[in-house]
Amino acid sequence: MDTIWLSGAQWLAVLRIGLGLWWLESWRHKDRKGWFERGTGIAWAADVAAKHRWNAVRSGFELVVAPRPRVMAYVVVYAELALGLGLIAGFLTPLALVGGLLLNALYFTLMIHDWAEQGQNLMMALISLVALFGMSWQTWSLDSALGLFG
């Protein structure tokens, strides 16, 4: 593979780190007080789910998220933080990439009506796939330094 300036493995690491920064920004801009104390994030998602065109999304939200809004708020907010830090540092990278891919799939499905959300989540999912199958943890990562994931 011919590349300019960096090696192919280094460009994959740049892509992984960039995705991590994207997740970290998603965490950073959240109003955590609103999410944790007032339940604003889950309430917003509940409103979206209630109007969703697919019954599976409505019933799935009612079954999994609605009974435990406070726990789910913490799960969402801290999952984004963990994904961001894990991808930037390259720690447990394959797990972070798969976890981020699943979270993007959930966000994409919930926000099927919102073109901006669809674009963001599709691009993040694509980067996750490229970084996963390109084994982006081989360069500039704690995984590589620790000899994890070959």
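# Worked exercises

Trp5 sits in the segment before helix 1. Helices (H or I, at least four residues) and strands (E, at least two) are DSSP runs, numbered from the N terminus. The model is predicted: local features need pLDDT of at least 70, side-chain atom pairs count only at pLDDT 80 or more, and totals for chains, interfaces and linings use all residues. Residues are numbered from 1 along each chain as its sequence is written, and side-chain values use heavy atoms, with hydrogens and water left out.

## Exercise 1: Overall fold

Task: state how many helices and strands the protein has, and how far its C-alpha trace spans along the principal axes.

Solution. 
- Step 1. The protein has eight helices and zero strands.
- Step 2. The pattern along the sequence is α-α-α-α-α-α-α-α.
- Step 3. The C-alpha trace spans about 50 × 30 × 25 Å along its principal axes.
- Step 4. The protein has 150 residues, and 39% of them count as buried. Buried means under 20% relative accessible area, exposed over 50%, partly exposed in between (1.4 Å probe, protein chains only).

## Exercise 2: A nonpolar patch

Task: which residues make the nonpolar surface patch, and what is its area?

Solution. 
- Step 1. Apply the rule. Patch residues have over 30% relative accessible area and no salt bridge; like charges are joined within 9 Å, nonpolar side chains (Val, Leu, Ile, Met, Phe, Trp, Tyr) within 5 Å.
- Step 2. The members are Phe91, Leu92, Leu95, Leu142, Leu146, Leu148 and Phe149.
- Step 3. The patch covers about 610 Å². Areas come from the Shrake-Rupley method with a 1.4 Å probe; for residues, only the protein chains shown count as cover.
- Step 4. Phe91 is in the loop between helix 5 (69–89) and helix 6 (93–110). Phe91 is partly exposed, since its relative accessible area is 37%.

## Exercise 3: Salt bridges

Task: how many salt bridges does the rule give?

Solution. 
- Step 1. A salt bridge is a side-chain nitrogen of Lys or Arg within 4 Å of a carboxyl oxygen of Asp or Glu. The count is four.
- Step 2. Arg28 pairs with Glu25, the closest N and O atoms being 2.7 Å apart. Both residues lie in helix 1, three residues apart, about one turn of the helix. Glu25 is partly exposed, at 35% relative accessibility.
- Step 3. Lys30 pairs with Glu80, at 2.9 Å from N to O. Lys30 lies in the loop between helix 1 and helix 2 (32–38) and Glu80 in helix 5, so this pair ties together parts 50 residues apart in sequence. Lys30 and Glu80 are buried. The relative accessible area of Lys30 is 14%.
- Step 4. Lys51 pairs with Asp47, the closest N and O atoms being 3.2 Å apart. Lys51 is exposed, at 60% relative accessible area. Asp47 is partly exposed, at 39%.

## Exercise 4: The largest pocket

Task: what is the volume of the largest pocket, and which element gives the largest share of its lining?

Solution. 
- Step 1. On a 1 Å grid over the protein atoms alone, a pocket is an open set of points where a 1.4 Å probe fits, with protein on both sides within 12 Å along at least five of seven lines; lining residues have an atom within 4 Å of a point.
- Step 2. The largest pocket holds about 780 Å³ of space. Its volume is the space filled by probe spheres set on the points, which are joined across faces, edges and corners.
- Step 3. The lining has 33 residues; Val76, Leu103, Leu106, Tyr107 and Leu110 lie nearest the centre.
- Step 4. Elements giving two or more lining residues include helix 1 (8–28), helix 3 (40–50), helix 4 (55–64) and helix 7 (115–133). Helix 6 gives the largest share, six residues.
- Step 5. Sort by class: 21 nonpolar, eight polar and four charged residues. Ala, Val, Leu, Ile, Met, Phe, Trp, Tyr, Cys and Pro count as nonpolar, Asp, Glu, Lys and Arg as charged, the others, Gly among them, as polar.
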